[in-house]
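Colleague: I'm new to this one. Could you walk me through how to read its features?

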Amino acid sequence: FLFKDQHDTGTELYLTVPEEKTGIIIGRGGIVIKRIREESGAAIKQIISHDPRNEIFQIKGTLQQVDLARELLVQTVDGKDLTLHFTSETDHHDEGTEFYFTLPVERTGIIIGKGGTVIKSIREESGATIEQIKSYDHRDEIFKIKGTSNQVNLAKKMLEQTVDGTDLTLHFTSDMDQHIEETELYLTLPKENAGLIIGRGGIVIKSIREESGAAIDQIKSYDHRDETFQIKGTPRQVEIAKEMLEQTVDCEDINLQFTSYLDHHDDETELYLSVPVEKAGIIIGRGMVVLLVVLLIFKKNFF
């Protein structure tokens, strides 16, 4: 269970305890932790914790000293509604990992529990932080699990046990983008400038697609003088693609205008013109020539 090098120059264990339970380990005036230090011969001290809800104790000494200190600590909390979790030095210095999972809004109660009791219990027992983060899809909630590898793995296991027996299946990923609803931007620019975005043989636009992860496609333009590009992906992918496109034309004195999905579809409007019957010929023209010219120019159908 404990790591020991070939020369037994020292072994370390780390113990994480909820802040409100540390008194059980320390004792009034430090009497409990002092006794364990003396009986085991191990050095036991509190060290900085990056989680304000928990306190971390470092236990250091020979293999025998640390093992005895661990046994004494376990005995100390016996019957005190506190389960101790010890980790090795490697676990303690784990820089941390993150995982994400998504649940339909109406099913989040299974994970949270009445008054938050379920998710609170998982946080406390695993030592991982579990929080809801902003979702771009109102139908879903995104949860982030963060902590050491051991903490996160334990939290994942407990979450899976929580939904066991329901019709829910949890899918954990290390990439938050996989849980975010896609977004779209549209870019319209003059035909003569489209080559700057595309590049010879499509090399520029291909590079932007690959580096940003966004899909960039040319779509139908309502103005024969322009080309329209659709940029689609997660908010982060689209933002990266937008920045790269702007950088591409930075030296060409071209100001790119991006529009949202709604703006893009606001491409048509209507007006109605009332003309006395006897004057309609002026608008229509002989053989409808005037009306045909208007239709050709604006590519709009007035009927």
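Modeller: Let's begin with contact, which means heavy atoms within 4.5 Å. Helices (H or I, at least four residues) and strands (E, at least two) are DSSP runs, numbered from the N terminus. This is a predicted model, where local features need pLDDT of at least 70, side-chain atom pairs count only at pLDDT 80 or more, and totals for chains, interfaces and linings use all residues. Residues are numbered from 1 along each chain as its sequence is written, and side-chain values use heavy atoms, with hydrogens and water left out.

Colleague: Then which residues of α6 and α7 meet?

Modeller: From α6, Val118, Ser121, Ile122, Glu125 and Ser126 touch Gln151, Leu154, Ala155, Met158, Leu159 and Thr162 of α7. By class, that contact has six nonpolar, four polar and one charged residues. Here Ala, Val, Leu, Ile, Met, Phe, Trp, Tyr, Cys and Pro count as nonpolar, Asp, Glu, Lys and Arg as charged, and the others, Gly among them, as polar.

Colleague: At what angle do the axes of α6 and α7 cross?

Modeller: Axes are lines fitted to C-alpha atoms, for helices over the stretch in contact, and angles run from 0 to 180 degrees between N-to-C directions. The axes of α6 (residues 117–126) and α7 (residues 149–163) cross at roughly 150° and come within 9 Å.

Colleague: And what about α9 and α10, at what angle do they pack?

Modeller: Helix α9 (residues 203–212) packs with helix α10 (residues 235–248) at about 145°, their axes 9 Å apart. On the α9 side the contact is made by Val204, Ser207, Ile208, Glu211 and Ser212, and on the α10 side by Gln237, Ile240, Ala241, Met244, Leu245 and Thr248. Sorted by class, there are six nonpolar, four polar and one charged residues.

Colleague: How do I read a helix with a buried side? Which residues of α2 are buried?

Modeller: Buried means under 20% relative accessible area, exposed over 50%, partly exposed in between (1.4 Å probe, protein chains only). In α2 (residues 31–40), Val32, Ile33, Ile36 and Ser40 are buried. They lie on the same side of α2 because they cover an arc of only 95° around the axis, taken from the directions from the helix axis to the C-beta atoms. On the other side, Ile31 and Glu38 are exposed.

Colleague: What covers the buried residues of α2?

Modeller: The cover includes α1 (22–26), β2 (43–47), β3 (54–61) and α3 (63–77). After α2 comes Gly41, with a positive phi near 85°.

Colleague: Is Glu12 buried or exposed?

Modeller: Glu12, in strand β1 (residues 11–18), counts as buried because its relative accessibility is 16%.
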